[in-house]
Amino acid sequence: MAIMESLGKYVVETSFDDLRKDVMQHIKYCILDWLGVAFAGSLEPSSKIIVQFIKEVGGKKESTIIEEGFQTSCINAAFANGIIAVSYTHLTLPTTLPRC
């Protein structure tokens, strides 16, 4: 079986009950960390630019852009949310802080 098939099978067949408690705690920490930088990043000028671009491009209402309250396609929302989160992380935080 190819590596990607094996990985995909593992992901599909794994449930939350299969994960150790410490792993779940770390997952929760990483999600909260991402939400924090995404909310802060939503105030950055680069975030405003990407949000305006996505609004103009439009897309099927499938996913929400964080802190904006409007929906667009999954790919557009993932793109915008990624830009929003890293705009804060890369512009304002020292690189020595531990990240998820």
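The model is predicted, with local features needing pLDDT of at least 70 and side-chain atom pairs counted only at pLDDT 80 or more, while totals for chains, interfaces and linings use all residues. Residues are numbered from 1 along each chain as its sequence is written, and side-chain values use heavy atoms, leaving out hydrogens and water.

T72 lies in strand β2 (residues 71–72); strands (E, at least two residues) and helices (H or I, at least four) are DSSP runs numbered from the N terminus. With a relative accessible area of 1%, T72 is buried (buried means under 20%, exposed over 50%, partly exposed in between, with a 1.4 Å probe and protein chains only). Its side chain also reaches the backbone oxygen of G58 at 3.0 Å. Beyond four places in sequence, T72 touches residues including I54, G58 and A77, where contact means heavy atoms within 4.5 Å.

G58, with a positive phi near 75°, follows helix α3. This helix (residues 45–57) has 13 residues and reaches 19 Å from its first C-alpha to its last, close to the 18 Å expected at 1.5 Å a residue, the expected span being 1.5 Å times one less than the number of residues. Buried in α3 are S47, I50, V51 and I54. They cover an arc of only 100° around the axis, so they sit on the same side of α3; the arc is taken from the directions from the helix axis to the C-beta atoms. The face turned away from that buried side carries the exposed residues P45, I49 and E56.

Terms used: A polar contact is a pair of N or O atoms within 3.5 Å; within protein, one must be able to donate a hydrogen and the other to accept it, and residues adjacent in sequence count only if both atoms are side-chain atoms.
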